[in-house]
Amino acid sequence: MGGNVTNIESLPDELVFDILVHLPAEDIYNGPMFVCRKWYDMVRSSGFISAHLHKSTPRLVIHSTNTCKRPYFVEMNRGRIDITRLNCVTKTVVWASCNGLMLESDFSNNRGDLYVTNPATNQHFALPRFPCEEGFRCCACMAYAEASKQYKVVIMYCKRFHSSVILKSAILTVGVDKSWRELHIKDTYGPYYTTTTRGFIHWQQNYRIDTHVLSLNVETETFIETPITTDGGRRLEKESNKYYASMGDALTIFVARSEFSWEVLRMESETGELRKVAKIDMEAQLSKIEDFMPKPVGYVDRGGPRVGPVGWINYPEVLVLWVYSYGVCMYYNVRTQEISYFLLEYLHRYHRFLFHINSLVWLDGCSAVS
């Protein structure tokens, strides 16, 4: 019988690779990676990490900025919505997610120090401190420059100049730069909401008044302004509520046509090309929405619940929406028109919604503290 036992190291490399690459990143890191030296080297190879990243399932992460509790993962699993908790505790604010890495701020010391974290492997890397005297930081984001294979972090901050406040921007190449470099931006924006697509960062100043998308190509470190046009090439009116969501390689822009209907535009990050891909109309579902809404925990408009899209699960099948003042999120199946909801810990304004992939990615030249 002993002759039938197979030495685990004798298994073909291709078979081991194909098995391991389909496992969740956290499972690989906490188990199979340490079975033997051969598996350890395989899992840490750039080829395996890249293959695993491209096979990983995108998830929507919901992070509460009012607590250090673990964020939610929302994903599709065999046609059903699964809501789970992230394995590790995050810092005060999670600003962005890119290739499985999260950009976090720690405001417990009132400085807002920035960290890059892989939540699947529980690795952290502290970024060089941004000088507080430079001004008040509005927002931060991170994206990957594919050609140069570098991760770059960008911050927007406001600096007082005499009696006025000027918007400034700074950039840092992770693991390369020892200090922040200034980026030149026209002082016409005050962006607070960020969304990342492949190789680009997009900012939104205000849900209602934006008529352009402000984007940064992180490879060339240049800003681009793309006018938002609706079906037929018409320029967008300022009165329309707009919401951004990442599709990975492209940006989704939801343009409100009523309180419960949106025109859905897809913007190609590289070219800025905009095209209409769908229209979502939930007006007929209003009575059902009101029926399952819990008691509101804040001010409510006279017209009833107010909602806004925050992201896709398994694009374009399920859309997740927040419900203002009710402390809940809805998910809406675009094909079947089914609606359900899950409770949040706080009001929407205390949450951030991010497109995230669990991965084994780490940063070249950056020593992690596990």
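These legends describe close-up views of a predicted model.

**View 1. The whole chain, for orientation.**
The chain has 370 residues, and 52% of them count as buried. Its secondary structure comes to five helices and 24 strands. Take the contacts with a separation of 6 or more: residues 24 or more positions apart account for 49% of them. The structure holds zero disulfides. A search of the whole structure finds 10 aromatic pairs. Some of these features return in the views below.

**View 2. Helix α4 has its buried residues on one face.**
Helix α4 covers residues 46-55. Which residues of α4 are buried? They are Phe48, Ile49, His52 and Leu53. Seen down the helix axis, these buried residues fall within an arc of 130 degrees, so they line one face of α4. An α-helix has 3.6 residues a turn, so residues three or four places apart point the same way. On the other side of α4, Ser46 and His54 are exposed. What do the buried residues of α4 pack against? Their partners are three helices: α1, α2 (25-30) and α3 (37-44).

A pair of aromatic rings is described by the distance of the centres and the angle of the planes. The structure has 10 aromatic pairs. One of them joins Phe17 and Phe48, with 5.2 Å centre to centre and 80 degrees between the planes. That pair is edge-to-face. Phe17 sits in helix α1 (residues 13-20) and Phe48 in helix α4. The two residues are 31 residues apart, and the pair links distant parts of the chain. Are the two partners buried or exposed? Phe48 counts as buried, at 0% relative accessibility. Phe17 counts as partly exposed, at 30%.

The rings of Tyr29 and Phe34 have their centres 6.5 Å apart. Their planes stand at 75 degrees, so the pair is edge-to-face. Tyr29 is buried, with a relative accessible area of 19%; the cut-off for buried is under 20%. Phe34 counts as exposed, at 53% relative accessibility; the cut-off for exposed is over 50%. Tyr29, Phe34 and Tyr40 form one aromatic cluster.

**View 3. Arg59 lies over the face of Phe73.**
How far is Arg59 from the ring centre of Phe73? The distance is 4.3 Å.

**View 4. Thr117 is a buried residue in strand β6.**
Strand β6 spans residues 113-118, and Thr117 is found in it. Thr117 is buried, with a relative accessible area of 1%. Which side chain makes a polar contact with that of Thr117? Glu104 does, at 2.6 Å. Leaving aside neighbours within four places in sequence, Thr117 is in contact with several residues, including Glu104, Gly100, Leu101 and Met102. Gln123, His124 and Trp362 are also among the contacts of Thr117.

Most residues other than glycine have a negative phi, and most peptide bonds are trans. Asn122 has a positive phi of about 60 degrees although it is not a glycine. Where does Asn122 lie? It is in the loop between β6 and β7 (123-126). Asn122 counts as partly exposed, at 34% relative accessibility.

**View 5. The loop between β20 and β21 holds Asn314 and Pro316.**
Strand β20 covers 306-313, and β21 covers 318-324. Asn314 is found in the loop between them. Asn314 is not a glycine, yet its phi is positive, at about 55 degrees. Asn314 counts as partly exposed, at 45% relative accessibility. Pro316 lies in this loop too. Which form does the peptide bond from Tyr315 to Pro316 take, cis or trans? It is cis, with omega near -5 degrees.

**View 6. Cys139 and Cys329 are buried.**
Cys139 has a relative accessible area of 1% and is buried. Cys329 is buried as well, with a relative accessible area of 0%. The structure holds zero disulfides.

Notes: Residues are numbered from 1 along each chain as its sequence is written. This is a predicted model: local features need pLDDT of at least 70, side-chain atom pairs count only at pLDDT 80 or more; totals for chains, interfaces and linings use all residues. Side-chain values use heavy atoms; hydrogens and water are left out. Helices (H or I, at least four residues) and strands (E, at least two) are DSSP runs, numbered from the N terminus. Buried means under 20% relative accessible area, exposed over 50%, partly exposed in between (1.4 Å probe, protein chains only). A polar contact is a pair of N or O atoms within 3.5 Å; within protein, one must be able to donate a hydrogen and the other to accept it, and residues adjacent in sequence count only if both atoms are side-chain atoms. Contact means heavy atoms within 4.5 Å. Rings of Phe, Tyr and Trp (its six-membered ring) pair if their centres lie within 6.5 Å; planes under 30 degrees apart count as stacked, over 60 as edge-to-face and the rest as tilted. A charge sits over a ring if NZ of Lys or CZ of Arg is within 6 Å of the ring centre and within 35 degrees of the ring normal. A disulfide is a pair of cysteine sulfur atoms within 2.5 Å. The arc is that of the directions from the helix axis to the C-beta atoms.
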